[in-house]
Amino acid sequence: MVSGKGGAGKTTLTANLGVALSNQGEDVLIIDGNFTGANIAQHFGVGFQDVSLNDVLEGDAYITQAVAKHPEGVSILPASVLEFNGQEQNLKHSIVDFLGDKDFVLIDAAAGTDDEVQAAIETSDEVLLVSHPELPALTNTLGAKKLAEEMDREILGLVMNMVRDEKSEVEHEDIKELVDEEIIGEVPEHKHVREGIALRKPVVSYKPDSRASYAIEDVAHTLKGREPPKRPLQKRLKMRLQDVSPI
Ligand SMILES: Nc1ncnc2c1ncn2[C@@H]1O[C@H](COP(=O)(O)OP(=O)(O)OP(=O)(O)O)[C@@H](O)[C@H]1O
Ligand SMILES: [Mg+2]
């Protein structure tokens, strides 16, 4: 998952998409590919690990020692922001043998387009773009897309995050024209997402019947090549009743 710009929601969406896919029966591994700003573990309340991805990259540990199986169902490979020694070029060959039996391996990339991001893209077969619906963010996303294309990776599409439906936001048509990718999801900006982060519970678990969770689940269905489901009236009502103060 890449965005170009920082703070677009890569980590939040990676954590939530992982849990959504896992809830849909998939075997999921989430890798923290943002070594200099490692924070996927915090989204799950995973405390300090004796062994992290950094040790694996440095050849000091086996990947199986660094992977934590979380109660949410996903496996997590956390990095450690405190110990990063610039070994990102080892990412692909350090983990590749472990990936075979997983249905989905999601890598949370850093912002920008430097070595860390390149290592994350190089390790991936496909790339998912994330952006705010604002011009500066979209322009940076275009930079990330270019990088992925130069590296011959398939782009799965663009997920818009923190959508507020404000008039100032760039409209779909213009987003498509600028980034030239399909918009495969629109996740609203919502306090439920931030509350989930504070409670260390991805929003799809914290508020499963919320607008944000439905939007993320829909992306998970789309990634699997399925039509997102139509929720029963009762669930839609529950979602609307929870949605009183979105921001
Ligand atoms: N859909 C959302 N609704 C409300 N707040 C959100 C949403 N998505 C993300 N946020 C907020 O934005 C913050 C930044 O998100 P996140 O850390 O996922 O971005 P990032 O792209 O991974 O950033 P970085 O580039 O620094 O790694 C979150 O901590 C959260 O407060
Ligand atoms: Mg992040």
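In which sense do strand β1 and strand β3 pair, and over how many bridges? Select residues 28–33 for β1 and residues 75–77 for β3. The two strands pair in the parallel sense, over three bridges. Keep in mind that this is a predicted model.

**Stop 1: the sheet**

Stay with β1 and β3. Pick Leu-29 and look across to β3, where its bridge partner is Ser-75. The four strands form an open sheet in the order β2-β3-β1-β4. The pairing in this sheet is mixed.

**Stop 2**

Which strands does α1 touch? Select α1, residues 10–23. Helix α1 packs on the sheet and touches β1 and β4. Its direction makes about 170 degrees with that of β4. Next, select helix α6, residues 115–123. Helix α6 also packs on the sheet, touching β1 and β4. The direction of α6 makes about 170 degrees with that of β4.

**Stop 3: Ile-63**

Is Ile-63 buried or exposed? Select Ile-63, which lies in helix α4 (residues 63–66). Ile-63 counts as buried because it has 20 C-beta neighbours inside 10 Å, and 20 or more is the cut-off for a buried residue. Now show Val-56, Ser-94, Ile-95 and Phe-98: Ile-63 touches these, leaving aside residues up to four places away in sequence. Then draw a distance from Ile-63 to Val-51. The two are 12 residues apart in sequence, and their C-alpha atoms are 9.0 Å apart in space.

**Stop 4: a helix pair**

Select helix α7 (residues 135–150) and helix α8 (residues 172–179). Two packed helices are described by the angle between their axes and the distance between the axes. Here the angle is about 35 degrees, and the axes of α7 and α8 are 10 Å apart. The crossing of α7 and α8 is right-handed. Show the side chains at the contact. From α7 come Leu-138, Thr-141, Leu-142 and Lys-145; from α8 come Ile-175, Leu-178 and Val-179. By class, five of these residues are nonpolar, one is polar and one is charged.

**Stop 5: ligand 1**

Which residues come nearest to ligand 1? Select Gly-6, Thr-11, Thr-12, Ala-111 and Val-193, the nearest of the 20 residues around ligand 1. The shell divides into seven nonpolar, 10 polar and three charged residues. Finish by colouring α1 (10–23), β6 (154–163) and α9 (191–199). Each supplies at least two residues of the shell around ligand 1.

Terms used: Residues numbered from 1 in each chain as written. Chains lettered and ligands numbered in written order. Predicted model: local features only at pLDDT ≥ 70, side-chain atom pairs only at ≥ 80, totals over all residues. Buried ≥ 20, exposed ≤ 12 C-beta atoms within 10 Å, placed from the backbone. Contact = placed C-beta atoms within 7 Å. Axes fitted to C-alpha atoms, helices over the stretch in contact; angles between N-to-C directions. Left-handed = near helix turned anticlockwise from the far one by under 90°. Nonpolar A, V, L, I, M, F, W, Y, C, P; charged D, E, K, R; others polar. Near = placed C-beta within 6 Å. Pairing = 2+ DSSP bridges.
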